[in-house]
Amino acid sequence: MSRNQANAASRRARWINLASFAGLLLFWVLITAPLFGSQPLVAPLFLPSPASVYDTFLMLMKNGYQGKTLWQHIGISLFRFGVAFGVTILVAVPLGLWMGMNRTVKAVLDPPIEITRPMPKLALLPLLIIWFGIGELSKIVIIVLALFPILSISAMQAVGGVGRRKVQAAMALGASRAMIFRRVIFPASLPGIFTSIRVSIGIGVTMLVGAELIATNAGIAYMAMSASDFLLTNVVIVGVLIMAVLGYTLDLLARALETRIVHWGGKEG
Amino acid sequence: MEQDLAGRQQAKQAAQAAPAAQAAGVKARFEEVSKRFGSGSDAVQALQPISLDIAENAFVCLVGPSGCGKTTLLNILAGFETATTGRVLMDGRPVEGPDARRGVVFQQGALFTWMNVLDNVAFGPIATGKSPSQARAIASQFLDVVGLASFARRYPYELSGGMQQRVGIARALANDPEILLMDEPFAALDAQTRELLQEEIKRIWQNTRKTVLWITHSIEEALFLATDVVVMSARPGRIKATFRPQFAHSEDPAVVASADFMRMKAEIFGLLRGEALAAQRQEEAQ
């Protein structure tokens, strides 16, 4: 396929994406609008119309929800996610790299990581609340627990995947062990680490929602959950959409960082 | 630049004339080196005990069928692998692991993809203690030698296969190693690129007289470049014959069409054909 054809094909796919999205929106409008008689097909209690959800969004922006502004709810959610994510990257990635470099370290750390890996982390939340209380710590810890095995194991595997010839070339150029790690193994592992960072964003957001559904009085998922108690479907949907946008934006951000930092990823030379 | 290199090389030779207790002018020596991979009934004898001297300033080509242990031999001299029996000496001292005195060029996939071309070539000088600015200056010189000065800021994945190999050669040369070990450096290139690079390597060798151990599948390449052609047998590898062609000293690319060249090529071809068939049978038997 020529480059022109490829461009045309990707333009076409883009149009179809857009049309598909517009179709979904139209479907939402149709089933929530009073088209036949005075009643819409789906009652607003179950699914309000896009226009009324938008109105609710503006209202929340102006008045906030339960004594906190919408930004405060978003902020507290982002804070929990950001601290947990940052701590995990700072601890799990170096540890995983170390495991990849050193068999003894791997032998020591493998069992705890492998035992906790398949455990559904949300099941630990009741225990974590007893240990760390219902404050921020238990929520942050549960996200860390979920992301830790993913990031440490993938960093370890990334080290194992570094081309043997690159390491041999560095040795034959007289590089010390420290230099081989710093300038060969670490950068060569970065593409693999970035892939797992992107995977863990989705999982981290999921854990955040799970944690906020249980014991808290702030956060976007909390807002949606408590609104559900009062059958405020509009607020619930605003909350869901905000979380979707957050997840999507974080992924875009990670992808932008990835193409900037590991521009060589997947290319051989 | 190249004269400069040649000068340095002569100075080194003079300096090394003193400890001539070892065989005069032997840069590297394999003494009864054998290699066995694995153990028990799964063990594979890759190399029969091999003895081989690589003279100072020689360009030694190893040719042999696939799987005959050529690369293993090179890896042992590089220090990447250890011999099962026997030992490898360089300047009379046993090789203990890789070091900067032996530069290695691989077939492909050994460049540091995350560094630009200049930083790739500057890696060795930095590793051996030069300051970053000195290292970059050296790297620019050697990029010039391989004709890639204008590509210093590019990344390896932006270059063609032939250019990538030239970066690999410049990177090895930049450390001013005492011997260059080249493991089929041109095997993955197309025929035209390969021929041009062979001429380039020949020019660099004629100017620097750097000792080279070169592995290749191509009899023509070996005859065109080498002062010594070592023909190896099918696995377990041993030395079947050695040739001393004179074409390495010729500056005429058309030397490959001469009668002498053709005759020697036919002779080596005859030797290798039987070994290649044996290697094929080994592969089929597995």
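This note sets out numbered points on the predicted model shown above.

1. Conventions. Residues are numbered from 1 along each chain as its sequence is written, while chains are lettered from A and ligands numbered from 1 in the order in which they are written. In this predicted model local features need pLDDT of at least 70, side-chain atom pairs count only at pLDDT 80 or more, and totals for chains, interfaces and linings use all residues.

2. Domains of chain A. The assignment divides chain A into domain 1 (1–42) and domain 2 (44–261), with bounds from an automatic or database domain assignment. Taken over C-alpha atoms, the centres of these two domains are separated by 31 Å. Six residues of domain 1 and five residues of domain 2 of chain A form the contact, where contact requires C-beta atoms, placed from the backbone, to lie within 7 Å. On the side of domain 1 of chain A that touches domain 2, five residues are nonpolar, one is polar and none is charged. For these classes, Ala, Val, Leu, Ile, Met, Phe, Trp, Tyr, Cys and Pro count as nonpolar, Asp, Glu, Lys and Arg as charged, and the others, Gly among them, as polar.

3. Helices α3 and α9 of chain A. The axes of α3 (residues 70–101) and α9 (residues 220–229) of chain A come within 7 Å and cross at roughly 125°. Helices (H or I, at least four residues) and strands (E, at least two) are DSSP runs, numbered from the N terminus; axes are lines fitted to C-alpha atoms, for helices over the stretch in contact, and angles run from 0 to 180 degrees between N-to-C directions. The two helices α3(A) and α9(A) are therefore oblique to each other, a term for what remains once angles under 35 degrees (roughly parallel), over 145 (roughly antiparallel) and 65 to 115 (roughly perpendicular) are set aside. A:His73, A:Ile74 and A:Ser77 of α3(A) meet A:Ile220, A:Ala221 and A:Met223 of α9(A).

4. Burial of α9(A). Among the buried residues of this helix are A:Tyr222, A:Ala224 and A:Ala227; buried denotes 20 or more other C-beta atoms within 10 Å of the residue's own, exposed 12 or fewer, and partly exposed in between, with C-beta atoms placed from the backbone. The cover over the buried residues of α9(A) includes α3, α8 and α10 (233–261) of chain A. Just after α9(A), A:Leu231 has a positive phi of about 55°.

5. Sheet of chain B. Six strands form an open sheet in the order β6-β7-β8-β3-β9-β10, with mixed pairing; two strands pair if DSSP finds at least two bridges between them. In chain B, β6 (102–105) and β10 (239–243) stand at the edges with a single partner strand each, so one side of each has no neighbour in the sheet. Strands β7 (residues 179–183) and β8 (residues 211–216) of chain B pair in the parallel sense over five bridges, and B:Ile179 has B:Thr211 in β8(B) as its bridge partner. Helix α5 (residues 161–173) of chain B packs on the sheet, touching β6 and β7 of chain B, and its direction makes about 175° with that of β6(B).

6. B:Leu271. This residue lies in helix α8 (residues 259–285) of chain B. B:Leu271 is partly exposed, with 19 other C-beta atoms within 10 Å. Not counting residues up to four places away in sequence, B:Leu271 touches B:Val231, B:Lys240 and B:Ala241.

7. Chain interface. The contact takes 18 residues from chain A and 25 residues from chain B. On the chain A side, α7(A) supplies the largest share, six residues.

How values were computed. Contact = placed C-beta atoms within 7 Å.
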